[in-house]
Amino acid sequence: MYWEQTAAMRVGNDISSYQKIKRGVRQGCVLSPDLFSLYSEVIMRNIEGYPGIKVGGHNINNLRYADDTVLIADNTKDLQQLLNIVEEESRKKGLELNSKKTEVMVVSRKQIAPECNIFIGGTKLKQREQFKYLGTLISSDGRNKVEISSRIAQAKRSFQKMKAVLTNQCISIQTRQRTLQCYIEPILMYGCEAWTISKQTQKNLEATEMWFMRRMLRTPWVAKKSNEKVLKEAHTKRSLMNKIRKRQATFFGHVMRKGKMEHIVTTGMMEGKRSRGRQREKMLDGLTKWLNAGRVTQALTATMDRDVWKDMVANATKQGT
């Protein structure tokens, strides 16, 4: 397509001399995504077999979604080795890693994360305690608390922008509730399929739901109305947690039946020793409790039959309303 093609710059009526197009593709060219996928695949194949983290007997050393790439290892030496290989192979293909846009993070249960010194071409990468990956905030402690708090704040900001509509008494409360479900709740529940919800975060989410409802009804705190009375005035019931659990169950069923990397990460055992003290609750534990499935193994077995799983989710949703 681009063989022997030339291009020139035009400013007003003046046209520069024509130059040959030696590299790159035009903006919006259909070849661009194909070439990117081809190059990235060839580069990343060079790190196959190198140590990453072991989950369920499988070695995972990278995660990729379009141009968002994450390299994973359980120690600094292995991570630096992976980065060096990717950097070298990229250079051979005429590409460079941007050290300003590349960051490193250590996921640890310790209150102060260990220091991790990783370099690109002599430049030390900045270590972060949290960063956004595919729109979700990942924290160094491996918890969802910061992400859920961020989602709540974003939903409240969006509510304030639509306050003129959502608090308009000339519009029926049913219409305003549907508007809330259409424009505000998707912001709040983005990525909730992977949340591990503790008792405290559940209280925060339920409080946020009532925050929306009280403002839609223009109920001041000094009125000292209970949540039950507010819900009765709005002719509705609590539904946010039920929606989140339903989305988690639906997504979890797809993941289990598909049997890909998500299945391995969710059900696989991590190698090594458990830390002392009470173990953290997993997303699957809370989901099993909501489904009233008894044991986790029973829930995993039920996902293989689509009809059985749909019935379990429907029953749990009905009981939660």
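A residue counts as buried when its relative accessible area is under 20%, as exposed when that area is over 50%, and as partly exposed in between (1.4 Å probe, protein chains only). You're looking at a predicted model, where local features need pLDDT of at least 70, side-chain atom pairs count only at pLDDT 80 or more, and totals for chains, interfaces and linings use all residues. Residues are numbered from 1 along each chain as its sequence is written, and side-chain values use heavy atoms, with hydrogens and water left out. Helices (H or I, at least four residues) and strands (E, at least two) are DSSP runs, numbered from the N terminus.

**Salt bridges**

- Side chains of opposite charge can pair when their charged atoms come close.
- Here, a salt bridge means a side-chain nitrogen of Lys or Arg within 4 Å of a carboxyl oxygen of Asp or Glu, and the structure holds 13 of them.

**A pair inside one helix**

- Lys 92 and Glu 89 form a salt bridge, with their closest N and O atoms 3.5 Å apart.
- The two sit 3 residues apart in helix H2 (residues 76-92), so about one helical turn separates them.
- Lys 92 is exposed, at 54% relative accessible area, while Glu 89 is buried, at 13%.

**Pairs that reach helix H9**

- Glu 185 forms a salt bridge with Lys 243, and the closest N and O atoms are 2.8 Å apart.
- That pair links distant parts of the chain: Glu 185 belongs to helix H6 (residues 185-188) and Lys 243 to helix H9 (residues 240-258), 58 residues apart.
- Glu 185 is buried, with 8% relative accessibility, whereas Lys 243 is partly exposed, with 25%.
- Glu 193 and Arg 247 also meet through their side chains in a salt bridge (3.1 Å, N to O).
- Because Glu 193 lies in the loop between H6 and helix H7 (199-216) and Arg 247 lies in helix H9, this pair ties together parts that are 54 residues apart in sequence.
- Glu 193 is buried at 19% relative accessible area, and Arg 247 is partly exposed at 29%.

**A strand hairpin**

- Two strands pair if DSSP finds at least two bridges between them; strand E13 (residues 130-133) and E14 run antiparallel, joined by 4 bridges.
- Across that pairing, Phe 131 stands opposite Ile 138 in E14.
- The hairpin of E13 and E14 has 2 residues between the strands, and Leu 134 takes a positive phi near 55° there.
- Strand E14 (residues 136-139) has Leu 137 and Ser 139 on its covered face, with Thr 136 and Ile 138 on the uncovered one.
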